[in-house]
Amino acid sequence: MSNPVITSNKAKPSYEEARIAEFLNQQIADLDGKVNVSFEFFPPNTPEMQKTLWSSIKKLEPLSPDFVSVTYGAAASTRSRTHDVITKIIRETELTAVPHLTCIGSTEAEIESIAEDYWSKGVRHIVALRGDLGQEAEQGDFKYATDLVYKLKQLHDFEISVAAYPEVHPEAETAKADLDNLKRKVDAGASRAISQFFFSAEKFLRFRDQCQNHDLQIDLTPGILPVTNFTQLQKFAKFTQVDIPDWMYKVYDGLQNDPETSRLIASHIAIEQVKLLVKEGVSDFHFYTLNRADLTYAICHSLGKRCLTPAA
């Protein structure tokens, strides 16, 4: 029985569009794993979330990421959970564990104690952040991430990663002021900047150009967020002032109660995003996993980052 003929009112892609698409697909296939990836997790606060986290870590470990980072909150309980996750990663995996460390509300003695403890456990890389401003901000000895970077480099020769904002930090007065702030963090000792998530590859690439024009000598790694919950994303984006393109509202429309289709779309968007960045010479990618491995694993598989044996 012959297949039915499917007709469409949509215009067929031009030869040039098809050629470009084929080129990008071939370029991804040719990578054969020649990209570097890292993954971000957050400390769980329930037994169920803890199981999800460790299941995800175990599935992604065989992909041999450059490192895995664990976020760090302002509350003391979150700080303790971050420390516990980092310690367990070091003890039970072959992964390079990289803790986030925020300084707002902390005394110099507290930061010294945390840093010395991490160094004694073999941690050599820290993501240094200011943290969210709040009432406790007045109680600490640090006001800026630059101060934290400088302090950490005084203590030990940590590799320091910091945050970067392709669409400008929400508190920055201007884009130039934001770049000046990043430059201060570099001058204090940071060697890598991990970007806030974004959905316009062009904005990231323009930001990369601006960094180069600003004489910013730092490795710039794009942060990739596969979006499975579009409603939640809108809240994140409003808080961080990340632009959500109009086309994303259209493709996620009507999927509020359809997580399976949302995951398929999320995977497609992230892969296309990575394709465009690879074409422009980007080779390092940092994935915000939200503690779930499935989409990140699928995307990395498409990039050729694969384990020798199937993941459990």
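Trainee: Which side chain meets that of glutamate 108 in a salt bridge?

Mentor: Please keep in mind that this is a predicted model. To call a pair a salt bridge, we look for a side-chain nitrogen of Lys or Arg within 4 Å of a carboxyl oxygen of Asp or Glu. Here the partner of glutamate 108 is lysine 151, with 2.8 Å from N to O. The two belong to distant parts of the chain, since glutamate 108 lies in helix α4 and lysine 151 in helix α5, 43 residues apart.

Trainee: Is lysine 151 buried or exposed?

Mentor: Buried means under 20% relative accessible area, so lysine 151, at 9%, is buried, whereas glutamate 108, at 35%, is partly exposed.

Trainee: How many residues apart are lysine 275 and glutamate 272 in helix α10?

Mentor: They are three residues apart, and therefore separated by about one helical turn. Their closest N and O atoms are 3.2 Å apart, and the pair forms a salt bridge. Lysine 275 is buried at 10%, while glutamate 272, at 30%, is partly exposed.

Trainee: What does isoleucine 89 touch, leaving aside residues up to four places away in sequence?

Mentor: Its contacts are Trp54, Ile57, Val68, Val70, Leu95 and Ala97. Isoleucine 89 is also among the residues with the most contacts inside the largest nonpolar core, which has 63 residues. A second, separate core has 22 residues, including Ile194 and Leu255.

Note on methods. Residues are numbered from 1 along each chain as its sequence is written. This is a predicted model: local features need pLDDT of at least 70, side-chain atom pairs count only at pLDDT 80 or more; totals for chains, interfaces and linings use all residues. Side-chain values use heavy atoms; hydrogens and water are left out. A nonpolar core is a set of buried Ala, Val, Leu, Ile, Met, Phe, Trp, Tyr and Cys residues joined through side-chain atoms within 4.5 Å. Buried means under 20% relative accessible area, exposed over 50%, partly exposed in between (1.4 Å probe, protein chains only). Contact means heavy atoms within 4.5 Å. Helices (H or I, at least four residues) and strands (E, at least two) are DSSP runs, numbered from the N terminus.
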